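Me: I am new to this structure and would like to know what stands behind the words used for it. Please set each value against its definition.

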Amino acid sequence: MSVGAHVLRAHPDDGESSDLLAPSVGVFIPAVAEGELVSAGQVVGTIDVLGVLSELTVPKGVAGRVTRRLGGGRSRVPVQYGDALLAVSTASMGDVASLASAVSADSQGALSFVAPMSGRFYSRPSPTEAPFVAVGDTVQQGQTVGLLEVMKTFNRLVYQGDALPEQATIERVVPNEGDDVVRGDAILALRSLSEK
Amino acid sequence: MLRCAPVNRFRRLFIANRGEVAARIAKTCDKLDISPIFGVSEADRNAPYLRDRESVVLGPSRSSESYLARERVVQAAVQTQCSVLHPGWGFLAEDPLFASLCEAHGVTFIGPPAAVMQKLGRKTPAKAAMAEAGLKVIPGSNGVLRNVAQARDVARTTGFPVLLKAESGGGGRGMRIVRKVGDVKDAYDSAQAESLACFADGRLYLEKLIEGGRHIEIQLLADKYGHVVHLGERDCSVQRKHQKLIEESPALVLSDAEREQTLAAAVRATRAIGYVGAGTMEFLLDAGGERRFMEMNARLQVEHPVSEMRTGIDLVEAQIRVAAGEPLWFSQEDIDLRGHAIECRINAEDPSNGFSPSPGVIERWEGAAVDDTHVRVDTHVEPGYEVPPHYDSLICKVIAWGEDRDAACDRLSKALQSIRCDGISTTIPMHLAVLGSKAFRENRYDTRAVPGWED
């Protein structure tokens with residue numbers, strides 16, 4: 001039984017992956033394997049400090065595939081404070097599904113890009129990289145504007161569809177990083193450019 | 001002196017401390033062919049004294065999550081396969097809970113049994129034990145104070161001025177001098193707040209303040225079989241705000257008869273309480289020549305090299321051998337107390353600016369390897385070392401031996417003058433002023449003021 005909990009600290013060592021660091025000296029007992037997808041709030045293992053077990057959770061803003069796990073396949077790994085327990089990479093998500101986008105427009109010509117299904121929204125490919133899009137950017141058909149994590153799978157949110165203008169300006173990114181959204185929630189507030 | 005074969009019970013020793021004392025303990029480990037493993041914080045992980053050494057990072061810089069985190073320290077010792085742990089001084093050195101935790105996990109704790117430590121760590125049971133063993137103690141509250149009202153009553157009976165002290169205190173923290181009854185409340189509240197913050201224990205006791213005294217302490221060593229010896233006394237009266245700055249042995253303020261009597265009483269009391277390992281009994285010598293027991297420190301002291309220089313006995317080695325179950329390999333008669341030894345504690349502080357802390361990078365550090373067999377330098381500092389702001393300010397100790405006090409003083413001054421330190425301020429200028437002062441040389445001073453130095 002776990003009696004404590006630690007939110008892991010992420011150390012960005014390069015633009016494409018983050019290391020999740022041991023919060024204490026102790027024995028790391030991993031709960032995820034290399035290749036698995038992890039996301040914020042998920043318990044990825046426990047740390048045993050003199051028989052006291054604490055759950056280790058993924059910090060906010062981190063999501064992706066585990067590319068490296070300390071200790072290889074061992075089930076109990078002695079670690080020191082600051083050791084990289086897991087490396088999580090978001091760059092390796094080439095196989096993520098692209099979700100068909102949805103749109104709703106009001107009479108003023110303001111467009112809303114909405115979530116095609118329920119999930120967790122991420123604006124950037126990894127915590128250390130720039131967001132896919134920002135307010136004021138112009139998006140065009142086929143462009144990725146964010147990630148939606150649905151059942152541990154990351155999906156690209158692609159600006160694409162017959163109902164959408166060829167180009168649009170982003171007026172607002174509605175959810176915060178890591179927010180849970182439900183189908184139909186607005187993701188982006190847009191203004192059409194191509195209908196002028 | 002008879003020496004037995006090196007300790008073979010311990011192969012790997014965990015050092016649960018940092019800086020100067022960690023480097024000091026490792027030196028003896030090297031001599032005994034024991035591998036030292038350093039438990040360190042994030043702030044110390046790249047310190048030069050850890051180069052080519054095995055270390056494990058316990059936690060972040062904050063002591064409460066590294067050097068003071070009992071479970072982390074014991075876990076680290078266990079997972080690095082250490083069978084014995086040296087706590088150094090400060091941090092967890094006198095924490096009975098920590099000592100028990102080590103033993104419960106199969107790690108031998110270097111220090112007295114937890115029960116003895118428990119008794120000594122809280123000041124009032126310690127005083128009671130010493131009074132029972134026949135030592136004179138400082139009058140005051142008979143145990144912990146219940147509240148301010150009781151403090152006022154006891155203070156009136158004892159007579160002002162009095163000293164309010166933290167039950168779990170040390171190092172001058174949680175202490176307040178009270179000179180009149182109207183000040184008791186404020187002093188009580190602030191001492192309690194400080195004590196809670198420093199020791200997580202707000203209990204206070206009270207004793208008569210003896211002003212103008214000299215701080216005399218006895219170095220003791222006991223094995224598990226009831227053998228107790230002393231390694232002479234030390235005079236630690238050069239203090240600033242209850243922090244020792246200079247220590248020496250012998251204490252020339254004692255007559256031969258007084259010295260013999262105090263040493264014998266300390267040995268007797270140590271045996272009576274079932275003490276094991278290295279320990280120090282502190283006494284206050286008042287202006288009238290009365291010696292009263294203050295407290296017993298259940299650990300190695302910062303100033304232990306003073307006694308090592310006079311006796312040739314390595315106290316850390318003795319601690320390790322005693323912990324391994326070896327009997328002391330010498331008796332009182334074998335201990336030869338030679339000449340005079342003095343130690344200066346060099347702190348990263350600016351003595352001409354109210355001793356304000358001076359952390360930072362030591363850009364230049366020369367002359368600390370003094371070429372004199374009668375001078376010893378204990379330090380973890382090297383050029384380029386950064387004194388972290390998280391811990392205490394001790395960076396180096398210089399100890400000199402001489403045939404007599406003057407010879408030791410001269411040698412120490414010479415050694416201190418040869419040290420070149422740039423980048424941070426140190427207390428070296430103050431030490432040189434003290435060692436050269438008439439008041440210090442003539443031994444006319446007490447714990448209230450630093451001889452030869454105006455704050």
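Me: What makes B:His242 count as partly exposed?
Reply: B:His242 has 14 C-beta neighbours inside 10 Å. A residue is buried if 20 or more other C-beta atoms lie within 10 Å of its own, exposed if 12 or fewer, and partly exposed in between, with C-beta atoms placed from the backbone. The value 14 falls in between, so B:His242 is called partly exposed. The model is a predicted one, in which local features need pLDDT of at least 70 and side-chain atom pairs count only at pLDDT 80 or more, while totals for chains, interfaces and linings use all residues. Residues are numbered from 1 along each chain as its sequence is written, and chains are lettered from A and ligands numbered from 1 in the order in which they are written.

Me: Where is B:His242, and what is its phi?
Reply: B:His242 sits in the loop between strand 10 (228-240) and strand 11 of chain B. Its phi is positive, about 65 degrees, although B:His242 is not a glycine. Helices (H or I, at least four residues) and strands (E, at least two) are DSSP runs, numbered from the N terminus.

Me: Why is B:Asp33 called exposed?
Reply: B:Asp33 has 11 other C-beta atoms within 10 Å, and this is within the limit of 12 or fewer, so the residue is exposed. B:Asp33 lies in the loop between helix 1 and strand 2 (35-41) of chain B. Its phi is also positive, near 60 degrees, in a residue other than glycine.

Me: What makes strand 13 and strand 19 of chain B edge strands?
Reply: The open sheet has 8 strands in the order 13-12-9-10-11-14-21-19 (chain B), paired antiparallel. Strand 13 (291-297) and strand 19 (375-379) each have a single partner strand, so one side of each is without a neighbour in the sheet.

Me: How are the packed helices 1 and 10 of chain B described?
Reply: Two packed helices are described by the angle between their axes and the distance between the axes. The axes of helix 1 (residues 19-32) and helix 10 (residues 315-323) of chain B come within 9 Å and cross at roughly 65 degrees. Axes are lines fitted to C-alpha atoms, for helices over the stretch in contact, and angles run from 0 to 180 degrees between N-to-C directions. Residues making the contact include B:Arg24 and B:Ile25 of helix 1 and B:Val316 of helix 10; two residues are in contact if their C-beta atoms, placed from the backbone, lie within 7 Å.

Note on methods. Two strands pair if DSSP finds at least two bridges between them.
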